[in-house]
Amino acid sequence: MIPLIKYVFFVMRANDNGEGGTFALYSLICRHAKVNTIPNQHRTDKQLTTYSQSEIQGTSVAAKVKRWLEGKRYRHNALLILVVLGTCMVIGDGILTPAISVLSSVGGIKVDHPRMSNDVVVVIALIILVGLFSMQRYGTDRVGWLFAPVVLIWFLSIGTIGAYNIYEHNPKVLRAFSPHYIVKFFKRGKKRNWVSLGGIMLSITGTEALFADLGHFSSLAVQIAFTVLVFPCLLLAYTGQAAYLTKYPSDVSEAFYRSIPDCVYWPIFVVATIAAVIASQATISATFSIIKQSVALGFFPMVKVVHTSKQFPGQIYIPEINWILMILCLAITAGFKSTTQIGHAYGIAVVAVMLVTTILMTLIMLIVWRSNILLVAIFTLTFLFVEMVYFSAVLFKVGQGGWVPLVIAGVFLIVMCVWHYGTVKKYKFEMQCKVPMAWILGLGPSLGLVRVPGIGLVYTDLPRGVPPIFSHFVTHLPAIHSIVVFVCVKYLPVTTVTPEERFYVKRIGPKNLNMFRCAVRYGYTDLHKREDDFENLLIKSLTQYVHQESLIHSISYSSDEDEETGEPFNAESTNVSQCKVLSETELCGLSSASITSDVSLETFPVSRSEVRFSIPSEASTVDSTISDLQYLINCRDAGIVHIFGNTIVRARRDSNFIKRVAVNHIYAFLRRICRENSVIFNVPHESLLNVGQVFYV
């Protein structure tokens with residue numbers, strides 16, 4: 001019932017533009033309710049084509065739930081911790097699934113060779129696991145075509161064997177579908193039989209990985225395949241094993257391999273081993289996807305993300321996470337040496353993730369879907385009751401191996417919470433210490449500095465306002481480039497941002513200051529590829545903006561207050577098409593190395609609230625455009641410098657012990673080992689300038 005009804009017909013519908021997983025559900029909630037803990041949104045973000053959002057009526061149930069969720073800060077944090085906990089449990093699945101899948105499949109060899117030592121089986125499983133994780137760097141693009149036929153053969157095989165066992169051993173086992181027998185089961189065994197429910201969770205493992213891997217398939221394809229093929233074959237397989245055990249109850253520990261007819265034992269053994277590797281691969285890929293989403297949304301340190309396929313954008317590889325998963329997986333396999341204890345650990349991780357998904361789905365049904373309150377109540381109460389029953393059963397297994405996912409989840413929970421806490425504190429400190437626009441205007445056109453030829457790209461987390469790193473820089477080095485661009489790279493709670501909408505450029509202050517802001521927007525599935533020339537794309541977007549801006553006679557700039565509040569400006573507007581656009585020949589004639597030769601001449605989108613239009617004469621428009629573009633090109637040719645803030649975050653001296661340990665030690669350590677933005681954007685070392693600064697939070 002849980003995989004078929006809950007996941008296939010409900011959770012699959014809650015995908016975020018085709019993406020699944022815990023953070024995909026969280027992103028949907030963040031777009032419809034202001035619960036994001038990093039307030040770096042801008043009003044223009046909602047204009048993106050992928051930023052789907054619907055209005056909520058003020059008196060509806062959805063509006064009341066939304067106001068309740070947004071009302072208190074602790075509710076935002078509680079939701080955040082719930083999402084992170086679910087994510088950590090999925091990562092735990094990525095460690096336990098390869099261990100139990102490979103070990104259980106290889107263990108079948110002892111059925112044909114009963115004298116074989118269990119240590120030999122463990123060694124074989126370890127060799128397969130090392131090979132599996134070592135091959136991750138090459139991706140699954142070349143061998144992915146084998147997965148579907150193997151999985152199809154696997155399900156048809158276990159379904160056929162199950163039907164054979166039902167017919168051969170005990171057709172009356174089909175009566176077990178009656179609820180009458182589960183009541184008798186609990187009455188007869190009471191606590192002992194209640195605890196045994198924890199082992200049943202192994203029959204529905206992989207459902208969360210199925211949802212997390214949704215980006216590789218369409219939800220309709222998953223729904224059809226699961227309903228038509230997977231679910232019937234699994235029912236036949238498990239029912240067939242039950243029929244076999246009614247006749248041979250002593251084979252309970254190896255029921256699957258013992259129930260296979262001798263004539264097909266070895267072919268099924270080979271298919272089972274390959275299917276176990278494929279299942280492990282799916283869970284590892286789901287872990288990579290979730291870590292990538294966590295990094296993008298500010299919950300995990302920056303790590304190297306490698307795109308392994310040119311045809312399938314969702315296939316990625318994260319080296320650091322891969323080797324961590326491998327070490328932990330090998331340690332668990334070699335440490336337990338038995339699928340029984342690993343199964344106890346697996347059950348806790350599976351049920352915990354399901355509980356988190358149920359709670360998030362309840363919020364989505366209320367806020368996003370605005371479903372009937374009766375339907376929401378039936379869904380929530382039904383699945384919470386069922387999952388809490390199983391959760392109470394697996395809690396008895398904590399001392400028998402169930403502590404493993406709790407320890408793994410605890411470590412990742414500390415890492416993700418501390419990183420997010422440090423990121424939020426750093427952002428809030430920069431917001432409080434940002435430079436007032438009045439101070440910038442008071443410096444005059446030259447900013448009171450020596451303006452050297454070139455373009456300075458100042459990277460900041462602030463989507464509005466002048467960051468404190470700028471004042472820190474000019475105070476110690478009283479010179480700045482002729483053109484200054486404040487670059488804010490931010491990730492939005494959307495799956496992807498189209499390349500045409502990625503860069504949003506606007507001017508800061510009067511025109512003679514030559515200061516701009518560029519917001520570079522990414523979705524949580526977007527990747528930074530080496531072939532993407534980030535610097536050239538940014539300058540190209542700046543050129544497009546300057547070109548269109550030159551067609552406008554008068555421009556009203558925005559102050560910090562306007563950007564902060566998002567209030568519209570009083571601006572008169574007219575159609576941009578009434579202004580003359582330079583021909584491509586005129587643009588290309590500016591410079592032999594001009595970047596404007598490949599600049600689109602389509603009208604650059606300019607908000608009505610940001611500019612005042614007037615229709616200048618044709619000659620003055622052409623002269624002004626050529627002059628502005630020529631100045632930009634000259635500055636570009638003079639050199640581009642990328643200015644990053646090498647910020648050290650420290651806890652104040654009056655902070656408590658826990659905060660000092662979290663900020664001064666854990667967060668500082670994570671900052672030292674994570675990848676820098678300059679590496680992610682392929683910034684040349686000769687063009688890089690780091691500005692050191694210490695923030696006390």
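**Briefing: aromatic pairs, a surface patch and buried contacts**

N322 touches F133, Q136, F288 and Y317, leaving aside residues up to four places away in sequence. Contact here means heavy atoms within 4.5 Å. This is a predicted model, in which local features need pLDDT of at least 70, side-chain atom pairs count only at pLDDT 80 or more, and totals for chains, interfaces and linings use all residues. Residues are numbered from 1 along each chain as its sequence is written, and side-chain values use heavy atoms, with hydrogens and water left out.

**N322 and its setting**

- N322 lies in helix 15 (residues 319-336). Helices (H or I, at least four residues) and strands (E, at least two) are DSSP runs, numbered from the N terminus.
- N322 is buried, at a relative accessible area of 0%. Buried means under 20% relative accessible area, exposed means over 50%, and partly exposed is in between (1.4 Å probe, protein chains only).

**Aromatic rings**

- The whole structure holds 25 aromatic pairs. Rings of Phe, Tyr and Trp (its six-membered ring) pair if their centres lie within 6.5 Å; planes under 30 degrees apart count as stacked, over 60 as edge-to-face and the rest as tilted.
- One of the pairs is Y26 with F299: the ring centres are 6.2 Å apart and the planes stand at 80 degrees, so the pair is edge-to-face.
- Y26 sits in helix 2 (residues 22-32), and F299 in the loop between helix 14 (265-296) and strand 1 (306-307), so this pair ties together parts 273 residues apart in sequence.
- Y26 is buried, at 2% relative accessibility. F299 is buried too, with a relative accessible area of 2%.
- W154, F256, Y257, Y265, W266 and F269 are linked by ring pairs into a cluster.

**Charges over rings**

- R31 lies over the face of Y51, 6.0 Å from the ring centre. A charge sits over a ring if NZ of Lys or CZ of Arg is within 6 Å of the ring centre and within 35 degrees of the ring normal.
- R137 places its charged end over the ring of Y138, at 5.5 Å from the centre.

**Nonpolar surface patch**

- V61, I373, L374 and I378 form a nonpolar patch on the surface, with about 380 Å² of accessible area together.
- Patches are made of residues with over 30% relative accessible area and no salt bridge; like charges are joined within 9 Å, and nonpolar side chains (Val, Leu, Ile, Met, Phe, Trp, Tyr) within 5 Å. A salt bridge is a side-chain nitrogen of Lys or Arg within 4 Å of a carboxyl oxygen of Asp or Glu. Accessible areas come from the Shrake-Rupley method with a 1.4 Å probe; for residues, only the protein chains shown count as cover.
- Helix 17 (residues 373-394) supplies the largest share of the patch, three residues.
- L374 is in helix 17. L374 is exposed, at 56% relative accessibility.

- R370 is not a glycine, yet has a positive phi of about 55 degrees. R370 is in the loop between helix 16 (339-368) and helix 17, and is partly exposed at 33% relative accessible area.
- N514, also not a glycine, has a positive phi of about 55 degrees. N514 is in the loop between strand 5 (503-508) and strand 6 (515-522), and is buried at 16% relative accessibility.

**Helix 1**

- Helix 1 (residues 2-9) is mostly covered, with six of its eight residues buried.
- Those buried residues are I2, P3, L4, K6, Y7 and V8.
- The buried residues of helix 1 pack against helix 11 (207-212), helix 12 (219-247), helix 16 and helix 17.
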